Amino acid sequence: MTHVTSSETHSFETIVKPPLEKWAIPPNMANYDAMCDDFSWKQIENQLKLPRTNGVNQASVCIDGHPPEVMKRNALIWIRKDSTTGQFKDETYTFEDLKRETNRFANVLVQAGIEKGDRVFTFLERIPENYISIFGALKTGAVVGPLFSAFGPEAIKDRLQDSQARLVVTSPALKPRLDSIRGDLPHLEKVIVVDRDNTQTDSLQAHELDYAAAMAEASDTFEVVHTDPDDYSIMHYTSGTTGKPKGVVLCHGALVSQSATAQYVLDLKPDRDIYWCSADPGWVTGTSYGMFGPWSLGATQIVYEGGFKAEDWYRLMQDYKVTVWYTAPTAIRMLMKSGEALVEQYDLSSLRHLCSVGEPLNPEAIIWGQDVFGKIFHDTWWQTETGCMHICNYPCLDVKPGSMGKPVPGITAGILDEDWNPVPVGEEGHLALRPNAPSVLKTYWHRDEVYQSKFKNGWYITGDRAKVDDEGYFWFIGRDDDVINTAGHLVGPFEVESALIEHPAVAEAAVIGKPDKERMEIIKAFVSLKTGFTESDELIQEIRTFVRHRLAAHAYPREIAVLPDLPKTRSGKIMRRLLKARELGLPEGDTSTLEE
Ligand code: AMP
């Protein structure tokens with residue numbers, strides 16, 4: 001199923017970059033074509049100086065492995081807004097600090113019985129302990145699953161059950177959601193509670209540990225467990241058209257391409273940049289580029305605990321003099337909506353490079369960036385499965401607004417027909433990649449057959465549709481399946497439908513992505529009601545809240561329509577495509593299998 005984006009309109013003029021000699025700070029990649037010709041992953045490995053003793057453990061390289069002068073640099077500036085004064089408060093951690101803290105946490109985990117290969121999950125807010133837990137766990141060789149803090153019990157249960165996680169690190173505010181499903185998690189042995197504000201320490205249960213108390217007793221030295229490049233490191237769950245979310249497994253060796261792209265796409269200059277990635281650690285952008293890429297280079301980054309608010313974001317970037325900013329189209333469109341009068345109140349002259357990911361970046365947003373910041377947003381395309389950026393716009397390359405750009409040096413992308421052969425230039429088809437970047441997924445956790453099904457003729461099939469023009473620029477067209485992209489988050493219709501039919505009033509449910517100006521798509525549900533229930537505004541609101549609480553704040557249907565029956569095939573399968581076509585006023589296509 002495809003949806004047309006404004007990147008289909010090729011009428012925006014190409015933005016031509018100034019010649020290199022005019023750049024105040026020259027980009028790390030001076031010439032795209034030359035770098036493609038000379039590129040080798042080995043060379044990047046050498047630059048990273050991967051410590052041989054510990055293989056490529058991501059934690060050793062990102063946290064411990066820097067020269068002494070870099071170890072003294074701030075790695076993390078954590079910022080929170082004071083709820084009474086509205087002022088920002090910060091806490092800073094040098095690489096040296098993080099080394100000590102992550103060593104301590106690794107010792108805490110070993111003490112709790114965690115061994116290489118065990119699954120350790122974090123279910124925490126954007127607080128320093130989330131970062132410390134993730135890197136501490138990586139040091140033990142555990143496979144780490146960061147969970148988005150907005151997830152509801154159903155979403156957490158699916159992920160913890162599937163991965164058979166042995167230990168979860170959480171906070172008093174989030175723990176009740178975990179407690180409500182604990183009976184369904186036979187593999188979960190221990191829970192570590194990070195109680196920053198000292199609210200719950202006395203009420204811990206037998207299987208729970210207090211983070212601060214355990215850390216206080218732990219040694220700050222730890223011998224990092226040896227991990228090879230192919231050893232599993234991070235798991236992020238991603239949604240498909242059918243079934244529960246699948247655990248995408250990335251490996252320690254992914255660091256090589258995460259580091260290369262942080263250097264050449266984000267253009268990070270560790271000795272001068274203050275970098276901000278606005279993604280949550282629960283999503284792959286929040287780990288690949290909110291942790292691994294930038295820290296492998298020794299860059300300083302800020303982490304903001306709060307959510308989106310235009311005034312706060314501008315003030316944050318002004319006060320902390322952010323230079324490189326990686327964000328998402330929905331956030332950019334929300335900033336655009338807040339108006340230019342607002343942005344003009346802030347001094348954002350420190351910003352020098354802006355990037356975006358997650359959804360098509362509409363040309364208007366790129367032009368807006370140029371108007372208000374004097375800088376354009378550089379779109380980057382990738383997905384959880386690719387582990388790092390794959391098709392991007394670069395500081396040194398002219399930008400065609402609406403295009404995702406060109407493949408990262410070292411990566412080959414193609415557009416394939418229905419038989420998995422390349423199509424002629426300019427024709428639409430399946431977006432595919434040669435799976436040669438070190439970060440491409442190793443498997444879907446315990447779903448190897450689904451993993452294998454993604455490879456055809458030596459290509460990894462992304463599930464997106466796109467085309468490439470005669471200058472090698474790729475243009476996103478849409479998803480090839482029913483997966484919904486709402487504000488940059490993929491949501492599987494099946495998950496939402498499953499939650500809907502658990503509501504006592506709902507007999508059947510089907511869910512589609514409905515195009516939306518701000519969020520790209522919103523989730524729209526069609527439901528039929530059980531006998532004895534009548535449609536009312538209150539019931540609709542109740543169903544909406546029910547799904548929101550079970551799944552997540554981003555994964556509930558903003559619109560719900562009640563129908564007497566849902567259209568089905570003769571074999572009883574609900575026809576989402578037909579509902580979508582009707583909703584959008586598009587041709588209904590082949591309806592010959594429709595139930596009488
Ligand atoms: P996720 O695995 O959740 O990170 O989502 C990856 C999917 O988001 C891709 O397969 C695309 O459908 C979409 N996506 C990510 N970045 C872009 C982009 N720059 N342009 C268009 N779609 C994107």
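**Entry 1: an enclosed helix.** I began with helix α11, residues 284-296, and asked how many of its residues are buried. The count came to 13 of the 13, so the helix is largely enclosed by the rest of the structure. After α11 comes glycine 298, and I noted its positive phi, near 85 degrees. A reminder to myself before going on: this is a predicted model.

**Entry 2: the cores.** Next I looked for the nonpolar cores. The largest has 99 residues. Within this core, Phe105, Phe135, Leu266, Trp295, Tyr326 and Tyr394 have the most contacts. Helix α6, residues 128-139, gives the largest share of the core, six residues. I also found a second, separate core of 46 residues, with Leu185, Val193, Trp445 and Ala555 among them. I jotted down the general rule here: in soluble globular proteins, nonpolar side chains tend to be buried together.

**Entry 3: tyrosine 394.** I picked tyrosine 394 from the largest core and listed what it touches beyond four places in sequence. Its contacts include Lys17, Met29 and Tyr32.

**Entry 4: around the ligand.** How many residues surround the ligand? I got 15, and the closest are Asp379, Thr380, Gln383, Thr384 and Asp464. By type, the shell divides into six nonpolar, five polar and four charged residues.

Then I went through some N and O distances.
- A nitrogen atom of the ligand lies 2.8 Å from a polar backbone atom of threonine 380.
- A ligand nitrogen atom is 3.2 Å from a backbone N or O atom of glycine 358.
- For glutamine 383, an N or O atom of the side chain is 2.8 Å from an oxygen atom of the ligand.

Taken alone, the ligand exposes 500 Å², and the protein buries 93% of that. Two elements give two or more residues to the shell: β14 (377-381) and β22 (474-479). The largest share, three residues, comes from β14.

**Entry 5: helix α15 and its cover.** Which residues of helix α15 (residues 363-373) are buried? I wrote down Pro363, Ala365, Ile366, Trp368, Gly369 and Phe373. I then checked what covers these buried residues, and β14 turned up again. The cover also includes the helices α12 (310-319), α13 (329-337) and α14 (340-343), along with the strands β12 (324-327) and β13 (353-357). Glycine 374 follows α15 and has a positive phi, near 70 degrees.

Entry 6: I made a note of two residues here. Asparagine 457 has a positive phi of about 50 degrees, although it is not a glycine. I found asparagine 457 in the loop between β20 (455-456) and β21 (459-468), and it is partly exposed, at 48% relative accessible area. The other is methionine 520, with a positive phi near 70 degrees. Methionine 520 is found in strand β26, residues 520-529, and it counts as buried because its relative accessibility is 12%, under the 20% cut-off.

**Entry 7: isoleucine 274.** This residue lies in strand β10, residues 274-277. Is isoleucine 274 buried or exposed? At 18% relative accessibility, it counts as buried. Not counting residues up to four places away, isoleucine 274 touches Thr300, Ile302, Tyr320, Lys321, Val322, Thr323 and Val324. Isoleucine 302 is 28 residues away along the chain, and the two C-alpha atoms are separated by 7.1 Å.

Entry 8: Lysine 175 lies in helix α8, residues 175-179, and at 5% relative accessibility it counts as buried. Its C-alpha atom is separated by 9.1 Å from that of valine 191, 16 residues apart along the chain.

Histidine 554 sits in the loop between α18 (537-550) and β27 (559-562). I have histidine 554 down as buried too, with a relative accessible area of 16%. Beyond four places in sequence, histidine 554 is in contact with Phe148, Phe151, Trp283, Thr486, His489, Val491 and Ile523.

Technical notes
Residues are numbered from 1 along each chain as its sequence is written. This is a predicted model: local features need pLDDT of at least 70, side-chain atom pairs count only at pLDDT 80 or more; totals for chains, interfaces and linings use all residues. Side-chain values use heavy atoms; hydrogens and water are left out. A nonpolar core is a set of buried Ala, Val, Leu, Ile, Met, Phe, Trp, Tyr and Cys residues joined through side-chain atoms within 4.5 Å. Buried means under 20% relative accessible area, exposed over 50%, partly exposed in between (1.4 Å probe, protein chains only). Helices (H or I, at least four residues) and strands (E, at least two) are DSSP runs, numbered from the N terminus. Contact means heavy atoms within 4.5 Å. A residue is near a molecule or strand if one of its heavy atoms lies within 4 Å of it. A polar contact is a pair of N or O atoms within 3.5 Å; within protein, one must be able to donate a hydrogen and the other to accept it, and residues adjacent in sequence count only if both atoms are side-chain atoms. Accessible areas come from the Shrake-Rupley method with a 1.4 Å probe; for residues, only the protein chains shown count as cover. Ala, Val, Leu, Ile, Met, Phe, Trp, Tyr, Cys and Pro count as nonpolar, Asp, Glu, Lys and Arg as charged, and the others, Gly among them, as polar.
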